[in-house]
Amino acid sequence: MALGAIAAGIAAMGAAIGDGILIGHTVDSIARQPELQGRLQATMFIGVGLIEAMPIIAIVIGFLVMNK
């Protein structure tokens, strides 16, 4: 039972760090080249979606391990 909570917590921390780095670099890029804001934001949202998939997968794996 605790294994699922640990997996979800670690995955959430990793996702938070990844989101912070990605969004920070996107803001820096927009500040340097404001004309590319639309393309940079679109790429950022795709990246955030992929990063946020990690905790969801970790929770599913935690539930699967918990049921065995």
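Predicted model: local features only at pLDDT ≥ 70, side-chain atom pairs only at ≥ 80, totals over all residues.

What covers the buried residues of α1? I looked, and the cover includes α2, where I take contact as heavy atoms within 4.5 Å. I number residues from 1 along each chain as its sequence is written, and side-chain values use heavy atoms, with hydrogens and water left out.

**Entry: overall form**

I get two helices and zero strands for the protein chain; these are DSSP runs numbered from the N terminus, with helices being H or I of at least four residues and strands E of at least two. The radius of gyration is 16 Å, well over the 11 Å from the globule rule for 68 residues, so the chain is more spread out than a compact globule. That radius is taken over C-alpha atoms, and the rule is 2.2 Å times the number of residues to the power 0.38. Along the principal axes, the C-alpha atoms fill a box of roughly 55 × 15 × 5 Å. I also noted that 19% of the 68 residues count as buried; buried is under 20% relative accessible area, exposed is over 50%, and partly exposed is in between, using a 1.4 Å probe and protein chains only. Of the contacts with a separation of 6 or more, 73% come from residues 24 or more positions apart.

I checked lengths next. Helix α2, with 30 residues, reaches 44 Å from first C-alpha to last, close to the expected 44 Å. The expected span is 1.5 Å times one less than the number of residues.

How do α1 and α2 pack, and at what angle? Residues 2–32 (α1) and residues 37–66 (α2) pack at about 175 degrees, with axes 8 Å apart. That makes α1 roughly antiparallel to α2, since angles over 145 degrees count as such, under 35 as roughly parallel, 65 to 115 as roughly perpendicular and the rest as oblique. The axes are lines fitted to C-alpha atoms over the stretch in contact, and the angles run from 0 to 180 degrees between N-to-C directions. By class, I find 18 nonpolar, nine polar and two charged residues in the contact of α1 with α2. Nonpolar here is Ala, Val, Leu, Ile, Met, Phe, Trp, Tyr, Cys and Pro; charged is Asp, Glu, Lys and Arg; the others, Gly among them, are polar.

**Entry: who is buried**

In α1, I list Gly4, Ala8, Ala11, Ala15, Asp19, Thr26 and Ile30 as buried. In α2, the buried ones are Met44, Gly47, Val48, Pro55, Ala58 and Gly62, and their cover includes α1.

**Entry: three residues of α2**

Glutamate 52 sits in α2 and is partly exposed at 33% relative accessible area. Leaving out residues up to four places away in sequence, glutamate 52 touches Ala15 and Asp19. Its C-alpha is 8.3 Å from that of alanine 12, 40 residues away along the chain.

Glycine 49, also found in α2, is partly exposed at 43%. From glycine 49 to aspartate 19 I read 9.5 Å, C-alpha to C-alpha, across 30 residues of sequence.

Is leucine 50 buried or exposed? Leucine 50 counts as exposed, at 64% relative accessibility. Leucine 50 and aspartate 28 are 21 Å apart, C-alpha to C-alpha, and 22 residues apart in sequence.
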